[in-house]
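Subject: Structure handover

Hello,

Here is the structure for your files. My notes on it follow below.

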Amino acid sequence: MKLTPIDDSLEVFIAVAAVNISIRGHGGAVADELLSRCIDAGRKRASEMGRARLIVTGNIHVENFPSQRMVIRAGLEPVGLPVGDYQRWRLVLALR
């Protein structure tokens with residue numbers, strides 16, 4: 001996870017998230033928990049830094065539909081058009 005302050009925001013870029021193939025197909029619960037913990041860690045760090053908002057971003061392959069469903073459940077939305085085979089997704093959370 002890369003943390004970068006932007007104005008009064010903290011941007012968290014999730015570079016990679018993976019679930020072991022042996023537990024895939026369990027309704028996304030494990031993947032949802034992983035993403036939730038990443039967002040919570042970013043929220044905590046942003047609060048500690050006194051930032052007004054948290055921006056969570058990540059890139060997902062345009063054909064990775066399980067990951068797209070996971071980020072949609074977490075509230076992320078696609079940003080712009082895909083670049084090559086990847087789409088940028090983002091969640092903006094107001095902290096104050």
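In which strand is Val-56 found? Val-56 is found in strand 3; helices (H or I, at least four residues) and strands (E, at least two) are DSSP runs, numbered from the N terminus. This is a predicted model, in which local features need pLDDT of at least 70 and side-chain atom pairs count only at pLDDT 80 or more, while totals for chains, interfaces and linings use all residues. Residues are numbered from 1 along each chain as its sequence is written, and side-chain values use heavy atoms, with hydrogens and water left out.

Val-56 has a relative accessible area of 1%, so it counts as buried (buried is under 20% relative accessible area, exposed over 50%, partly exposed in between, with a 1.4 Å probe and protein chains only). Not counting residues up to four places away in sequence, Val-56 touches Val-12, Ile-14, Ile-39, Leu-76, Trp-89, Arg-90 and Leu-91; contact means heavy atoms within 4.5 Å.

With a relative accessible area of 25%, His-61 is partly exposed. Its contacts, leaving aside neighbours within four places in sequence, are Gln-68, Asp-85 and Tyr-86. His-61 and Asp-85 are 24 residues apart in sequence and 5.6 Å apart in space, C-alpha to C-alpha.

Strand pairing

Two strands pair if DSSP finds at least two bridges between them. Strand 3 runs parallel to strand 2, joined by 5 bridges, and Ser-9 has Arg-53 of strand 3 as its bridge partner. Strand 3 pairs with strand 5 in the antiparallel sense over 9 bridges; here Leu-54 stands opposite Leu-93. Strand 4 (residues 77-83) is antiparallel to strand 5, with 4 bridges, and Glu-77 is bridged to Arg-90 in strand 5. Strands 4 and 5 form a hairpin with 2 residues between them, and Gly-84 in the turn has a positive phi of about 65°.

In a regular strand the side chains alternate between the two faces of the sheet. The covered face of strand 5 holds Gln-87, Trp-89, Leu-91 and Leu-93, and the uncovered face holds Tyr-86, Arg-88, Arg-90, Val-92 and Ala-94.

Nonpolar core

The largest nonpolar core has 18 residues, and those with the most contacts inside it are Leu-35, Ile-39, Leu-54, Val-71 and Leu-76. Such a core is a set of buried Ala, Val, Leu, Ile, Met, Phe, Trp, Tyr and Cys residues joined through side-chain atoms within 4.5 Å. Strand 2 (9-13), helix 1 (29-48), strand 3 (53-61), helix 2 (65-73) and strand 5 (86-94) each supply at least two residues of this core. Helix 1 gives the most, with 5 residues.

Largest pocket

The largest pocket holds about 680 Å³ of space. A pocket is an open set of points, on a 1 Å grid over the protein atoms alone, where a 1.4 Å probe fits, with protein on both sides within 12 Å along at least five of seven lines; lining residues have an atom within 4 Å of a point. Of its 31 lining residues, the closest to the centre are Ala-17, Ala-31, Pro-66, Ser-67 and Met-70. Helix 2 gives the most to the lining, with 6 residues.

Regards

How values were computed:
Points joined across faces, edges and corners; volume = space filled by probe spheres on them.
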